[in-house]
Each structure stands twice: as C-alpha cells, then as structure tokens.
Amino acid sequence: MDDATVFNIEEGMKRLSEINAALNDSSIKLTDAMKLYEEGINLAKQCKASLEDTKKTLQEIDPTLIQQ
C-alpha cells in the first residue's frame, strides 16, 4: 500500500477474517501459511493504528466519549 492509498479498516478486518480461515485449513502449504501470517500481522498493525487514530479524533471532539 502506498502513501496515496487510504487504509480501509472494514476491508482490512474482512481480509483478516479470510486469512484466519485460510490458516485454519489443515491442507495449507507451509510457505503459503507463512505469507498469509505475515500479511495478517501487517494488517493487524494497520487496523490497530487506524483504531488508535479514530480514538484520538473522538477524544479531540469530546473528551468524555472515551474514558481511559
């Protein structure tokens, strides 16, 4: 994903679900599993960053919305 592409958390979460299902398939080859695992880790990091950005924005809008 390049800088011009905006991360879509809904698509990221959907892809994570697909990766999870694929990794639970016992017939998956190890090399394919490793590629999917790496993709999943990167997606999870992007999802976490997106959620943290959203939380920060909500706190700026109304600090009482999100209690720490």
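Biologist: What share of the contacts in the protein chain with a separation of 6 or more comes from residues 24 or more positions apart?

Modeller: This is a predicted model, where local features need pLDDT of at least 70, side-chain atom pairs count only at pLDDT 80 or more, and totals for chains, interfaces and linings use all residues. Residues are numbered from 1 along each chain as its sequence is written, and side-chain values use heavy atoms, with hydrogens and water left out. Contact means heavy atoms within 4.5 Å. Among contacts with a separation of 6 or more, the part from residues 24 or more positions apart is 51%.

Biologist: How many helices and strands does the protein chain have?

Modeller: Helices (H or I, at least four residues) and strands (E, at least two) are DSSP runs, numbered from the N terminus. H1 covers 9-23 and H2 covers residues 30-61. The tally for the protein chain is 2 helices and 0 strands.

Biologist: How far apart are the end C-alpha atoms of H2, and what should its 32 residues span?

Modeller: The expected span is 1.5 Å times one less than the number of residues in the helix. For H2 that gives 46 Å, and the separation of the end C-alpha atoms agrees, at 46 Å.

Biologist: Which residues of H2 are buried?

Modeller: Buried means under 20% relative accessible area, exposed over 50%, and partly exposed in between (1.4 Å probe, protein chains only). An α-helix has 3.6 residues a turn, so residues three or four places apart point the same way. Helix H1 is included in what covers the buried residues of H2. Those residues are Ala 33, Leu 36, Gly 40, Leu 43, Cys 47 and Ser 50.

Biologist: Which residues does Leu 16 touch, leaving out those up to four places away in sequence?

Modeller: Leu 16 sits in helix H1 and is partly exposed, because its relative accessible area is 21%. Its C-alpha atom is 9.7 Å from that of Cys 47, 31 residues apart along the chain. Beyond its sequence neighbours, Leu 16 touches Gly 40, Leu 43, Ala 44 and Cys 47.
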